[in-house]
Amino acid sequence: MATPSNLVIVESPSKAKTIGKYLGPDYLVKASMGHLRDLPKSTMGVDLEHDFTPKYLPVSGKEDLIKELKKAAAQADTVYLATDPDREGEAISWHLKELLQLPDDKARRVTFNEITQKVVKESISAPRDIDYDLVDAQQARRILDRIVGYQLSPLLWKKVRRGLSAGRVQSVATRLVVDRENEIRAFIPKEYWSLDVTLNLIGKPGSFVAHYFGGAKKKELENEQQVQAVIDDITGKIFTVTNVKRADKKRSAAPPFTTSTLQQEASRKLNMTPKRTMAIAQQLYEGVDVAGEGTTGLITYMRTDSLRLSDEAMAAAADFIKHRYGKEYYYGKHHVFKTKSGAQDAHEAIRPTRVELDPETIKGSLTKEQYKLYKLIWSRFLASQMANAVYDTVAIDTECAGHVFRSTHQSMKFAGFVAVYEEGRDDEAEAVGSPLPDLEEGDTADAVKIEKEQHFTQPPARYTEATLVKAMEEKGVGRPSTYAATVSIIQDREYVLKTDKRLAPTPLGEVVNGLMMDRFNDIVDVEFTANMENKLDDVEAGNRKWKEVLGEFYQGFRQELTDAEAALEGTRLKVPEEETEEICEVCGKKMVIKDGRFGKFMACPGWPECKNTKPIVEKMPGRCPNCGGTILKRKSKKGYPYYACEKGAECGFMSWDVPTDQDCPECGQTLFKKSGRGRMKPFCINEKCQNFLPEDKRGYYKKADSAESGEKKTKKTTKKTTKKKEASK
């Protein structure tokens, strides 16, 4: 077979597989497996004294892949660099060009907003040069983050705790969480009251509930005295209907997804972290094996802040809606959404590549997570082109002794886009009210029940991962490609802890944030960080030089670093210990949580006089199947979680499967499930129960048989021996 004359380089094998299907035998498609050249890990890698010149090195461990790509590039007439269509993708293409020593006329850049046969062939037929403005913007971001991380982290090691790190965007995200916690602590509840009356109509059947509104204008009842004064006024008196307002209320569909809104909605509806959402979206973008279709890219590029849709996509949605739901469900024209000012608008909104591939049709070809996320994206896109939902609304004012009480109700008149999709909410949904009788102005009623209730205003809620991403987007902190990583990093570094889906700062996070606020206010200033993102956008647009932006930043940062070192000379900041409710059996003090070589543990704060320590155990739902005792979550010596009875060896129960809060309907024992994402439904482990599920049917990963395993081991040993021989020559 003749050697292909064209080489196409992408980042991942799955993307290579999808694209390779669309191109003919004259194209060899290979994967770079991400970055092949980067700044060194062990040193700064940036010459701060000589114009911020970076020192890029081949990524360790990828030597064989680099040789393979160099050989393939040498044999090709043209090398198409087809990495992702964003700043980082452009930078990877540039690094590949430099690393493979490709001349300008041989290295051609192509991008795919969606990986479909049409778009892939169109892009390959119209390649371009590498966009060095995009590369410079990415270099500036990378070096900025390197400067902050490599110069601030040693300071944190010396002044707070070894192993800590700081980052430009993550520091601002941590500050947002800390600021919210401080708002909650400082919040002073305010008293208010509600007053409801149940009214029976006079002269015709029907009753309804009315809520205190006030007078001509809405009025809050601030204390019980005010409530009682209203009750005294209306007791024993007739209520009269003074206003009946009926109207049609229209609701428009939400726009298609951007990176931020996809992460928010996946968090609300699917309980997916932003990081997991982006990982699954990447799989859908790069391509999935679909029965009858082959490897297919199912969604457009998932890092975008644009609401723009192609005319072709909107036309396809229009046809689909009319045929499946009827003409009345179509919006009537292309529903165009305005992208917010300041957005890069480099790509379309996130949408399915082919709307006719509806989720139910291809469900069997997708994993559970892929199916759920694809259904979310597909439904949101389709709904964006559908007619408004229409509701019948009625608002009734009833008056008594000068006090107005209001009743409202709404019911769906036409589903429109709601037939397909309804946006999730972070706050409580608006109450629609109970159905109301047919009322007219002048109708009268008696109060048969009067109810008053005291309330207090609530503090602002802690951020969820979804609302933190939303806040970052609104404040201009980071960009679509950084949201998920930032939210994940601040949790991994234990600056922020997620409890019951809400984010709260840890004592460590508050101490580090306090240091940053005192000594590096610019780094954690939301407006400063947003302005820096705008400067990087200016570099991308070709309006500013990247080294100029770095110079402006570093001048102030270096002075702050010098001042901080001097001010904190001889000082070490103490992180408050987290107190538990566990009582030390030796001295009676409340135990605290400490960090050790093998993770967190409980210790007595009376050390060194009292040296009592305990492991941290988590109580699990369910009951021990042997003795009915509590099941605890523990960790093996290698760090793997397992589940055991609180009585230990006395009982002997231990399992790698996870106990659930469900009981078997037959025997009543606790049901278990496999650990890990998307595993099987709960099963019964009681061998005497007719619902018992044998181990071979529980979804354990199968080990290779001994012959196959031995063969693989032999091959691996042979390969290692050969390499050693070659090295010794």
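A residue is called exposed here when its relative accessible area is over 50%, and buried when that area is under 20%. With that in hand, let us walk through this predicted model.

**Salt bridges**

The count of salt bridges comes to 46. One of them pairs Arg246 with Asp438, with the closest N and O atoms 3.4 Å apart. Arg246 belongs to strand E11 (residues 238–251), while Asp438 sits in the loop between strand E15 (403–414) and strand E16 (444–456), so this pair ties together parts that are 192 residues apart in sequence. Both Arg246 and Asp438 are exposed. Elsewhere, salt bridges with shared partners link Glu11, Lys15, Asp84 and Arg303 into one network.

Helix H6 (residues 168–186) holds Asp179 and Arg175, which are four residues apart, about one turn of the helix. Glu183 and Arg180 also lie in helix H6, three residues apart.

| Salt bridge | N to O distance |
|---|---|
| Asp179 – Arg175 | 3.1 Å |
| Glu183 – Arg180 | 4.0 Å |
| Arg246 – Asp438 | 3.4 Å |

Glu183, at 42%, is partly exposed, whereas Arg180 is buried with a relative accessible area of 18%.

**A buried glutamate**

Glu533 is part of helix H17 (residues 526–540). Its relative accessible area is 0%, so Glu533 is buried. Which side chain does the Glu533 side chain meet in a polar contact? The partner is the side chain of Arg141, at 2.5 Å. Beyond residues up to four places away in sequence, Glu533 touches Arg141, Arg168, Val169, Gly476, Gly478 and Arg479.

**Nonpolar cores**

The largest nonpolar core has 65 residues, and those with the most contacts inside it are Phe112, Leu298, Ile299, Leu373, Tyr374 and Leu382. Helix H12 (residues 368–384) gives the most to this core, contributing nine residues. Looking past neighbours within four places in sequence, Leu382 is in contact with Ala317, Phe320, Ile321, Tyr325, Val355 and Val420. Another core lies apart from this one and has 60 residues, including Ile143, Leu156, Leu164 and Val549.

**A nonpolar patch on the surface**

Tyr640, Met654 and Trp656 make a nonpolar surface patch of about 350 Å². Tyr640 is found in the loop between strand E24 (631–635) and strand E25 (641–645). Is Tyr640 buried or exposed? Tyr640 counts as exposed because its relative accessibility is 52%.

Definitions and conventions:
Residues are numbered from 1 along each chain as its sequence is written. This is a predicted model: local features need pLDDT of at least 70, side-chain atom pairs count only at pLDDT 80 or more; totals for chains, interfaces and linings use all residues. Side-chain values use heavy atoms; hydrogens and water are left out. Patches are made of residues with over 30% relative accessible area and no salt bridge: like charges are joined within 9 Å, nonpolar side chains (Val, Leu, Ile, Met, Phe, Trp, Tyr) within 5 Å. Accessible areas come from the Shrake-Rupley method with a 1.4 Å probe; for residues, only the protein chains shown count as cover. A salt bridge is a side-chain nitrogen of Lys or Arg within 4 Å of a carboxyl oxygen of Asp or Glu. Helices (H or I, at least four residues) and strands (E, at least two) are DSSP runs, numbered from the N terminus. Buried means under 20% relative accessible area, exposed over 50%, partly exposed in between (1.4 Å probe, protein chains only). A polar contact is a pair of N or O atoms within 3.5 Å; within protein, one must be able to donate a hydrogen and the other to accept it, and residues adjacent in sequence count only if both atoms are side-chain atoms. Contact means heavy atoms within 4.5 Å. A nonpolar core is a set of buried Ala, Val, Leu, Ile, Met, Phe, Trp, Tyr and Cys residues joined through side-chain atoms within 4.5 Å.
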